[in-house]
Amino acid sequence: EGVHWLSYTYLFIRMLRNPSLYSISPDDFDSDHLLEKHRSNLIHTAALQLEKNNLIRYEKKTGILFPTEYGKISSYFYLTNETAAIYNKMLKSNLTEIEIFRIFSLSTEFRYVVVRDEEKVEIKKLSEIVPIPIKECYEESTAKINVLLQVYISQIQLDGYALMSDMVYVTQSAGRLLRALFEISLFKGWTLLAERCLTLCKMVERRMWKSMTPFRQFSKLSPEVLRRIESKDFSWDRLQDLSHHEIGELMRNPKIGKILHKLIHRFPKIELSTQIQPVT
């Protein structure tokens, strides 16, 4: 089926028109005008590579391919073979946020993102102010990708047009790649890593760090009010239990207390009750 499928591709037409460009000798082409053997070798080589990266199971005798769950996830999120190999090799159950950012920056989707000479000063400056530490040198492309993702979440304004263009390129793939990391963690049963990846997905989607107040999702609140909320050592659960009078006293502004009380109850709240009993 794979050999037949290749006959519908533009690659097949190019190989027929210029076989020497694809390392097909004149003798091989004369003995096999439709390049069935060469196409079979291409499929076999690709299958071996996919099997090596745990994306499929390949029965060499019968030629049957079986997709793995990891392969299905990679296919659903359009991961390249190289990116899937990196994730498969580097993902561990106890990764920190620093390491998750680093693995994201190693994705081969960003292989063409380079550090230009005129960007080095700004990247170095940005790497010192973003919240998640970066281990790589600021002159490396992985450091640039890491910085740009954090800059996007932090909503920091960039000066250079080239950097802004690269940030758009990185963030367009960020949601897809991070969701893939979450699904892979979920499949492997790594709950801690899955929770961290899902949190990171939401931070990119909302452009908010988890340390920020959820009130930042409402544009009607001024930056001053938001900073005052975040400066209070008050958990979100405790805020939900306060009346609008108590919130007003906490903020030293009765008027804003009513607004915050109304907004805080727009967030969904789940109440769970459990009963525990022995199995036997």
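1. Serine 107 counts as buried, because its relative accessibility is 3% and the cut-off for buried is under 20%. This value, like the others in this note, comes from a predicted model. Serine 107 sits in the loop that runs between helix 7 (97-105) and helix 8 (120-127). When neighbours within four places in sequence are left aside, the residues in contact with serine 107 are Thr83, Tyr87 and Leu177.

2. Lysine 144 belongs to helix 9, which covers residues 141-154. Is lysine 144 buried or exposed? With a relative accessible area of 0%, lysine 144 is buried. A polar atom of the lysine 144 side chain lies 2.7 Å from the backbone oxygen of valine 114.

3. The surroundings of lysine 144 deserve a separate point. Residues up to four places away in sequence not being counted, lysine 144 touches Val113, Val114, Val115 and Arg116, together with Glu119, Ile123, Leu163 and Asp166.

4. Arginine 238 is placed in helix 13 (residues 236-240). Its relative accessibility is 47%, so arginine 238 counts as partly exposed; the class lies between the limits of 20% and 50%. From arginine 238 to serine 40 the separation is 198 residues in sequence, and 64 Å in space from C-alpha to C-alpha.

5. Turning to the whole protein, the model contains 15 helices and 2 strands. The radius of gyration is 26 Å, well over the 19 Å given by the globule rule for 280 residues, and the protein is therefore more spread out than a compact globule. The C-alpha trace spans about 90 × 70 × 30 Å along the principal axes.

6. How much of the protein counts as buried? Of its 280 residues, the share is 37%; serine 107 and lysine 144 are included in the buried class. The accessible surface of the protein amounts to about 18100 Å², and carbon and sulfur atoms account for 53% of that area.

7. Two further totals complete the description. Contacts in the protein between residues at least 6 apart in sequence join residues at least 24 apart in 54% of cases. As to charge, there are 39 positive and 34 negative side chains, and the centres of these two sets are 5 Å apart.

Notes: Residues are numbered from 1 along each chain as its sequence is written. This is a predicted model: local features need pLDDT of at least 70, side-chain atom pairs count only at pLDDT 80 or more; totals for chains, interfaces and linings use all residues. Side-chain values use heavy atoms; hydrogens and water are left out. Helices (H or I, at least four residues) and strands (E, at least two) are DSSP runs, numbered from the N terminus. The radius of gyration is taken over C-alpha atoms; the globule rule is 2.2 Å times the number of residues to the power 0.38. Buried means under 20% relative accessible area, exposed over 50%, partly exposed in between (1.4 Å probe, protein chains only). Contact means heavy atoms within 4.5 Å. Accessible areas come from the Shrake-Rupley method with a 1.4 Å probe; for residues, only the protein chains shown count as cover. Lys and Arg count as positive and Asp and Glu as negative; His and the chain ends are not counted. The place of a charge is taken as NZ of Lys, CZ of Arg, CG of Asp or CD of Glu. A polar contact is a pair of N or O atoms within 3.5 Å; within protein, one must be able to donate a hydrogen and the other to accept it, and residues adjacent in sequence count only if both atoms are side-chain atoms.
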